[in-house]
Every structure is written in C-alpha cells, then in structure tokens.
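Take a look at the chain below. We will walk through it step by step.

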Amino acid sequence: MTGYARSRVLHKLADLMEERLEELAAIETLDNGKPLSMSKGMDLPGSVTILRSLAGWGDKISGDTCKVNGPYQAYTLYEPIGVAAAIIPWNFPIASLIIKAAPALVAGCTMVLKPAEQTPLTALFIAALAKEAGIPPGVLNILPGFGPTTGAAIASHMDVDKISFTGSTEVGRLIMEASAKSNLKPVTLELGGKSPLIICEDADVDIAVEIASLGLFFNMGQCCVASSRIFVQEGMYNEFLRKASEKARNRVVGDPFQAGVQQGPQVDETQFKKILGYIESGKTEGAKLLTGGKRIGEAGYFIEPTVFGDVKDDMKIAKEEIFGPVMSVLRFKSLDEVVKRANDTMYGLAAGIVTNDLNVANRLSRSIRAGTIWINCYHVSDPALPFGGYKMSGIGREQSLQAVLNYMQLKTVVTPVHDSPWL
C-alpha cells in the first residue's frame, strides 16, 4: 500500500472506533475497572485522536538530499523496519494498543501485539474493527497470552525486527536481554516511574492540592507517570497536608459503572495485595497515615484513597513504584535541596512543578532529569508530544513523528554524477 492508502485505512478504523465507542468503553471498564465516565470521556476519544494524528503521517515521511564531496549525489530514505512486535500494559489497554500499533502500521510494518493477560478484551474487539476497516489479513495480529511464555517468545523471535514494550523496569530488562540474545532487534521501552511533584510555597494551595490529587489518584493510581513523590515546601506543608487529606476522604470510590464514581477497583488481586503491602510498609517505617489505608468492603479490590505525611526519602513508599492510590508527601526547604532529592531515583519518566515564579519554573524544569515536565498542570498529553523516560524509565519516545520513525530504517543511497557542472 502507499502511505496515503495506509492513512485512509487507519482513519476508517478511527471512524469505526467512534461508532462503537459505547461498546468499547463498556468493555474497557469491565476489563480494567476504571470508571465508565473515564473510558467514555477520556480513553476512547484520546485513543481516536492519537490514531488520527499518527495516520496523518502516512504520506509525509521523506528523507534528505545530501551534499557530498566529489562527483556524487546522495539521498536518504526511510523504509519500514519489517515485522514489529508490541507488548502492552493493563492500565490503559486501548490507548496503549493505538500508541504502538498506529505508528507501526502507518510506517508500513506488520505488527504482532500481545495485550496484558489481565485486559485482552478490547484488543480483540479492535482487531475485529481493523478487519472491517480494511487492514489486510496478517498485518495486525493480536496474540493474547502470558508474559513468561507469549511475551518471551515474541521478544526472542528471530523474525521480529523491532519490539516495543510498556511495563515494569524489571520486565524491560528481560526484553533487552532477549533482544541481545536473538537478533539484536531494536527496542522501545516505556517503563516504571517514581515521578516527583514539586510544590513551592509561593503557589496557591488549593490549586496545588487539585494538581497533586489528579497527578496521584488518576486511574486508581495505576499510572506510570503518577506523582508518587510529592515534595511540598515547608511554608505550605501543613496546610497542604490538611487539604489534600480532606480531598482524598471525599473521593467517591465504588462501582465504576455508576455515575459520579471517581475511583473503581484495582485491576486484580495481585495488584490489590501489592498496594496494601506498601501501605503497611509506610506505617511500619514511620510515615504518618493521615487518611485511608484500608480495603473498602469485602468484595472486589477497592482501596481507600490514602495519604501519608512525614515521608522520608529512604522509605519504601518513597523509593518504589506503588501503582496505586497512595500519596506520599515529603517536606523540603530549598530549591537546591529538592533538585537533588527529586533526581535521587533510578527513574526519570515525568515530573511536575507548581509555582507562580517563572524563574523557579525554568530552573526546576531544566534541572529535573525526566522525559516530561508539567508546570502548573499534570497528566496533559497530546499526540504531538513525544513521550518517554530518562534513566531506567525507558528508551526512545512514543507519540509524535518520532513514534513513526521508531518503526523505520534510514537508508543512504549514493550514485556517481558524470560530466555535470553542478556538484
């Protein structure tokens, strides 16, 4: 297919996703547990937007002409890398599928995609829509299975030319190892995070609480960029803790299909128990539990929105990724101090800054080692914005033109030029 034709087919898939939005959203909520209002109002429309944006690159990828010494002319061109593979997580099943499949398909690759074993249903539904949209057989292949078997087979397969993975840093290491032991397939990794949110005492405390609550509790806290280390300057610290705890207590937790519910269950029993274990470690290590910390009810995997104060940098809840509704608040005095502490982590996926001082915002945004910096906002995403991490939060970028180029090889072509005055 031409790039233009691929673009048209992907736009048709976007049309079908919009037509079946209600059904897809319901399946996403059944699969994942997130509130239906979020599936309908954010995840599905956002995924369609990403799909349309990336589809638009189909006929716009071009190389360069190169000025070389001697009687030669040269140019570069981009070619599809070949068979691409993707392994996606369970926290944003539809969005993760689109973020990985769309750039591969628009680049001209075929794709084998493994959804998370916890949330395979929407991927299978979208496969049916892809067929209806006109994506040829064998181009988009959904392969459900478990990580140690299906995922490992994909990562080590000699006929897979590229792999993209979103998930834990631990599994990301295994993906790289499998690549090295097989055919050295290039990898894109979007891995764990322990993102700092730095709240300066010149900020409005109510705005700071809103940003912090969104940053941490969004999607039941199951978000790789969650603001899970909240540094509050000492002049605002006590007031922030009081208001953040009150807001957490008022958060509506319950059946994700009910209107007004802000937080559904955690994705499964394993994650549920992991989060409760972190809460216990916070109490044991001396953090101050201000609200929450317990299971809600006897059925399902519901956890109270939890806020810890007096958290220290060496505590487990301040160092390890919790992936749940647990807010850890740390006190700081100076900017020099908070820069050092914010960067003292193996992760570097995202960070947030809340301040009314432009000089402070500029200084911190250039000093924090992370792939995305949000100033006076959080969780703002757009298809035009490259997304990925520093350090052990990953390799490469997704979204934007960069995502498409991840699935292409760059070739240089050189030919002689005879008897031309134009060299």
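**A walk through the fold**

The UniProt record, an unreviewed entry, places the annotation "domain: Aldehyde dehydrogenase" on residues 2–413. The model shown here is predicted. Across residues 2–413 the chain is 42% helix and 18% strand.

Now go inside. The largest nonpolar core holds 48 residues. Met17, Leu97, Met111 and Ile135 have the most contacts inside this core. Helix H4, residues 93–107, gives the most to the core: ten residues. Pick out Leu97 and look at its neighbours. Leaving aside residues up to four places away in sequence, Leu97 touches Ile88, Ala102, Leu113, Ala123, Ile126 and Ile142. There is also a second, separate core, with 39 residues. Among its members are Ala95, Val209, Val267 and Val307.

Next, find strand S10, which spans residues 288–291. Thr291 belongs to this strand. Thr291 has a relative accessible area of 10%, so it counts as buried. Setting aside residues up to four places away in sequence, Thr291 touches Ser245, Ala248, Arg249, Pro305, Thr306 and Val307.

Finally, the cysteines. A disulfide is a covalent bond between the sulfur atoms of two cysteines. How many disulfides does the count come to? It comes to zero. Take Cys223 as an example. Its closest cysteine sulfur is in Cys224, 5.1 Å away, and that is too far for a bond. The cut-off used here is 2.5 Å. Cys223 is also buried, at 5% relative accessibility. Cys109 is buried too, with a relative accessible area of 3%.

Methods: Residues are numbered from 1 along each chain as its sequence is written. This is a predicted model: local features need pLDDT of at least 70, side-chain atom pairs count only at pLDDT 80 or more; totals for chains, interfaces and linings use all residues. Side-chain values use heavy atoms; hydrogens and water are left out. A nonpolar core is a set of buried Ala, Val, Leu, Ile, Met, Phe, Trp, Tyr and Cys residues joined through side-chain atoms within 4.5 Å. Buried means under 20% relative accessible area, exposed over 50%, partly exposed in between (1.4 Å probe, protein chains only). Helices (H or I, at least four residues) and strands (E, at least two) are DSSP runs, numbered from the N terminus. Contact means heavy atoms within 4.5 Å. UniProt positions are given in the numbering used here, feature names are shortened, and annotations may be inferred rather than shown by experiment.
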